[in-house]
Amino acid sequence: PFNPTDKRTEATIRAPGDGSIFRVTKGAPQIILHMAHNAADLQATTEAAIQSLADRGFRALGVAISYSPPDAEPKWEFQGLLALFDPPRYDTKKTIETAVA
């Protein structure tokens with residue numbers, strides 16, 4: 001489940017074919033990127049992509065994977081961003097007007 005403190009969710013998965021175990025995580029892109037061992041190489045490009053999505057009205061989630069053994073500290077690899085269209089609700093204007101009044 002989503003952890004609002006960590007701003008991400010994590011799952012441990014056993015692959016159906018070979019039974020290998022890996023972990024995946026998704027959440028706030030800055031949090032996921034910060035966890036990744038390859039963050040320094042990707043930070044500028046990823047932040048620009050997040051801003052570009054936001055400029056067009058999209059939210060973004062970061063995604064990472066770790067192939068570290070289950071009993072080891074995960075070595076996260078940033079995989080990319082998921083874009084989500086999240087338009088304002090129909091009553092947003094009224095809600096803002098009420099809050100400001």
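Buried means under 20% relative accessible area, exposed means over 50%, and partly exposed lies in between (1.4 Å probe, protein chains only). Phenylalanine 85 is exposed, with a relative accessible area of 56%.

This is a predicted model, in which local features need pLDDT of at least 70, side-chain atom pairs count only at pLDDT 80 or more, and totals for chains, interfaces and linings use all residues. Residues are numbered from 1 along each chain as its sequence is written, and side-chain values use heavy atoms, with hydrogens and water left out.

**Overall build**

The protein has three helices and four strands. Helices (H or I, at least four residues) and strands (E, at least two) are DSSP runs, numbered from the N terminus. From that end, the elements run β-β-α-α-β-β-α. The radius of gyration is 17 Å, well over the 13 Å that the globule rule gives for 101 residues, so the protein is more spread out than a compact globule. This radius is taken over C-alpha atoms, and the rule is 2.2 Å times the number of residues to the power 0.38. Along the principal axes, the C-alpha atoms fill a box of roughly 55 × 30 × 25 Å.

Buried residues make up 27% of the 101 residues. The accessible surface comes to about 7,200 Å², and 57% of it belongs to carbon and sulfur atoms. Areas come from the Shrake-Rupley method with a 1.4 Å probe; for residues, only the protein chains shown count as cover. Contact means heavy atoms within 4.5 Å. Among contacts between residues at least 6 apart in sequence, 50% join residues at least 24 apart.

**The nonpolar core**

A nonpolar core is a set of buried Ala, Val, Leu, Ile, Met, Phe, Trp, Tyr and Cys residues joined through side-chain atoms within 4.5 Å. The largest has seven residues: Ile32, Leu33, Ala36, Ala39, Ala64, Trp76 and Phe78. In soluble globular proteins, nonpolar side chains tend to be buried together.

Alanine 64 is found in strand S3 (residues 58–66). Its relative accessible area is 1%, so alanine 64 is buried. Leaving aside neighbours within four places in sequence, alanine 64 is in contact with Arg23, Val24, Thr25, Ile32, Trp76, Glu77, Phe78 and Gln79. The C-alpha atoms of alanine 64 and leucine 81 are 9.2 Å apart, with 17 residues' separation along the chain. Tryptophan 76, under that sequence exclusion, has contacts including Arg8, Glu10, Met35, Ala36, His37 and Ala64.

**Aromatic pairs**

Rings of Phe, Tyr and Trp (its six-membered ring) pair if their centres lie within 6.5 Å; planes under 30 degrees apart count as stacked, over 60 as edge-to-face and the rest as tilted. The count comes to two aromatic pairs.

| Pair | Centre to centre | Angle between planes | Class |
|---|---|---|---|
| Phenylalanine 22 and tyrosine 67 | 6.1 Å | 45° | tilted |
| Phenylalanine 58 and phenylalanine 85 | 5.5 Å | 55° | tilted |

Phenylalanine 22 lies in strand S2 (residues 21–27) and tyrosine 67 in the loop between S3 and strand S4 (77–85), so this pair ties together parts 45 residues apart in sequence. Phenylalanine 22 is buried at 17% relative accessible area, whereas tyrosine 67 is exposed at 56%. The other pair links phenylalanine 58 in strand S3 with phenylalanine 85 in strand S4, 27 residues apart. Phenylalanine 58 is partly exposed, at 28%.

**A positive phi**

Lysine 7 has a phi near 60°, a positive value in a residue other than glycine. Most residues other than glycine have a negative phi. Lysine 7 sits in the segment before strand S1 (8–14) and is partly exposed, at 42% relative accessibility.
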